[in-house]
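Hi there,

Here is the structure I promised to pass on. Have a look at it first, and my notes follow below.

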Amino acid sequence: MRLLIELLYMLLNLYGFVVLVNVVLNWLLVFNIMNGSNQFVRSVYDFTKSLTEPALRRIRGVINPVNGIDLSPLVLLLAVWVAKRVIVLYAYPALAYP
């Protein structure tokens, strides 16, 4: 059980990193800092977008953009942080003291 909880924690860390990479790549492509026709950049962006877009789409259905700024990645990162805190505060101590 401990291994499963640690795996979930690591996956949440990885998912948060993927969300950050997606946001940064999106900004770099929108502001023409990186070339969107570069195959490597485009493939990394498409990969991260395919992993994050289902969750972001659901959040966008609930939270509308504020002054044209999409806050859904911030909400998703906050949800990942809360899930990690729940694991640290409740799951780990429950395993240590059954």
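Of the contacts in the protein with a separation of 6 or more, 59% are between residues 24 or more positions apart. Please keep in mind that this is a predicted model.

The secondary structure consists of three helices and zero strands, in the order α-α-α along the sequence. The radius of gyration is 16 Å, well over the 13 Å that the globule rule gives for 98 residues, so the protein is more spread out than a compact globule. Its C-alpha trace spans about 55 × 30 × 20 Å along the principal axes. Buried residues account for 23% of the 98, and carbon and sulfur atoms hold 69% of the accessible surface of about 7,200 Å².

Now to the charges. There are 8 positive and 4 negative ones, and their mean positions are 4 Å apart. The salt bridge count comes to three.

One of them pairs Glu6 with Arg2, with the closest N and O atoms 3.2 Å apart. Both residues lie in helix 1 (residues 2–30), four residues apart, or about one turn of the helix. Glu6 is partly exposed at 29% relative accessibility, and Arg2 is partly exposed at 47%.

Arg60 also meets Glu53 in a salt bridge (2.6 Å, N to O). Glu53 has a relative accessible area of 17%, under the 20% cut-off, so this residue counts as buried. Arg60, at 30%, is partly exposed.

Asp70 forms a salt bridge with Arg60 as well, at 2.9 Å between the closest N and O atoms. This pair links distant parts of the chain, 10 residues apart: Asp70 is in the loop between helix 2 (39–62) and helix 3 (72–96), while Arg60 is in helix 2. Through shared partners, Glu53, Arg60 and Asp70 are joined into one network.

Best wishes

How values were computed
Residues numbered from 1 in each chain as written. Predicted model: local features only at pLDDT ≥ 70, side-chain atom pairs only at ≥ 80, totals over all residues. Heavy atoms only, no water. Helix = DSSP H or I, 4+ residues; strand = E, 2+ residues; numbered from the N terminus. Rg over C-alpha atoms; globule rule 2.2 N^0.38 Å. Buried < 20%, exposed > 50% of the residue type's maximum accessible area, 1.4 Å probe, protein only. Contact = heavy atoms within 4.5 Å. Areas by Shrake-Rupley, 256 points an atom, 1.4 Å probe, with all protein chains shown as cover. Lys, Arg positive; Asp, Glu negative; His and termini not counted. Charge placed at Lys NZ, Arg CZ, Asp CG, Glu CD. Salt bridge = Lys/Arg side-chain N within 4 Å of Asp/Glu carboxyl O.
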